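Dear colleague,

I am handing over the structure we spoke about, and my notes on it follow below. Please read them with the model open beside you.

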Amino acid sequence: MTNILVTGGAGFIGSHLCESLISLGHKVICVDNFNDYYNPESKRKNISLMQDNPLFVLYEVDTRDKEKLVEIFEKENIQKVIHLAAMAGVRNSIEHPLIYFDVNISGTSNLLELSVKHNVLKFVFGSSSSVYGGSTQLPFIETQELLPLNPYATTKKMGEDLCKFFSDYNDLSVVCLRFFTVYGPRGRPDMAVYSFVKAIYEEKEISVFGEGLLSRDFTYVLDTVSGIVASLDLDRKFEIINLGKGSKDTVNKLLEAMETCIGKKAIIKLMPKNEGEAEHTLAGINKAKELLNFNPQIGISEGINKFVEWYNQSK
């Protein structure tokens, strides 16, 4: 059994990850501040089935609160850290940049510093494909130039740089995982998959940017979680690794999968492409396959079916 700190553990990816770690026999120390970026009650529901498990302990703490983090590290004998907590959302970061720099940089710095002090064996940082930004080189590979287009992406790049600094100058093993467009049950309401499905059911108009030809590497959440779990045992001092499906689908194809699953047509309003967002994302996953034995399983049709099933049950 390993004592693993998971920040953002009540969120979308985090709650699935906590369940996976507990099923493997690890103790999970979940840190989440339950902020109101979306309804905090949905996060409480995410972890409700774990609350009585002796392998799960919850701390309602903001990662910027260093004093509280110190108490957790001193009490819980943290052996590994998975840092997922962050202000999320590209468009929101353009409107409210300062809170993104405050939360995403300060929180990461605090956790890295405490991980060094307490001799943590592995630090896993949840980064993002958004760091590739305006790059037209596809697929994205870990060594190419980064061109972040918005404050959220910039904070993720800065987070990677902090991880590299702390790893280089201390005995800290770090893996930065660049998540691509993760979707699935418990997905955030502001994300395309959730908002599109909701709009189709409610027969409301969906704004589709770039004529629906923008494409994303849509990655099912449990595939992403499998890569995170595998990274905990990677015997490397510092690595940056893409975690995506390794193929891309257009927004139009995403909508078609939803229409087929739900049995209703989407009401679409075509909009010009948004500045600050990439036209296409596609993960080069050779490194993930080699180092993590990463093998994503779920395609877009199956993944959307699983999401819609959860959406209906959650209502």
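In what follows, a residue is called buried when its relative accessible area is under 20%, exposed when that area is over 50%, and partly exposed in between, as computed with a 1.4 Å probe on the protein chains only. Please keep in mind that this is a predicted model, in which local features need pLDDT of at least 70 and side-chain atom pairs count only at pLDDT 80 or more, while totals for chains, interfaces and linings use all residues. Residues are numbered from 1 along each chain as its sequence is written, and side-chain values use heavy atoms, with hydrogens and water left out.

I begin with backbone geometry. Most residues other than glycine have a negative phi, and most peptide bonds are trans. Glu211, although not a glycine, has a positive phi of about 60 degrees, and it counts as exposed because its relative accessibility is 52%. Glu211 sits in the loop between strand 8 (205–209) and strand 9 (215–216), where helices (H or I, at least four residues) and strands (E, at least two) are DSSP runs numbered from the N terminus. Asn77, which is not a glycine either, has a positive phi of about 50 degrees; it belongs to the loop between helix 3 (66–76) and strand 4 (80–83), and its relative accessibility of 52% makes it exposed. The peptide bond from Leu138 to Pro139 is cis, with omega near -5 degrees, and Pro139 lies in the loop between strand 5 (122–128) and helix 6 (151–169).

Two loop residues are buried. His26, in the loop between helix 1 (12–23) and strand 2 (27–32), is buried because its relative accessible area is 19%. Leaving aside neighbours within four places in sequence, His26 is in contact (heavy atoms within 4.5 Å) with Met1, Thr2, Ile4, Leu21 and Leu55. The side chain of His26 also reaches the backbone nitrogen of Thr2 at 3.3 Å.

Lys245, in the loop between strand 11 (238–243) and strand 12 (249–250), is buried as well, since its relative accessible area is 14%. Not counting residues up to four places away in sequence, Lys245 touches Asp217, Phe218, Thr219, Ile285, Pro296, Ile298 and Gly299.

As for the interior, in soluble globular proteins nonpolar side chains tend to be buried together. A nonpolar core here is a set of buried Ala, Val, Leu, Ile, Met, Phe, Trp, Tyr and Cys residues joined through side-chain atoms within 4.5 Å. The largest such core holds 68 residues, of which Ile13, Leu17, Leu21, Ile82, Leu177, Met258 and Ile304 touch the most other members. Apart from it lies another core, of 25 residues, among them Leu69, Ile105, Leu111 and Val120. Returning to Ile82, its contacts, not counting residues up to four places away in sequence, are Ile4, Leu5, Val6, Thr7, Leu17, Leu21, Val124, Ile228 and Leu232.

Kind regards

Definitions and conventions: A polar contact is a pair of N or O atoms within 3.5 Å; within protein, one must be able to donate a hydrogen and the other to accept it, and residues adjacent in sequence count only if both atoms are side-chain atoms.
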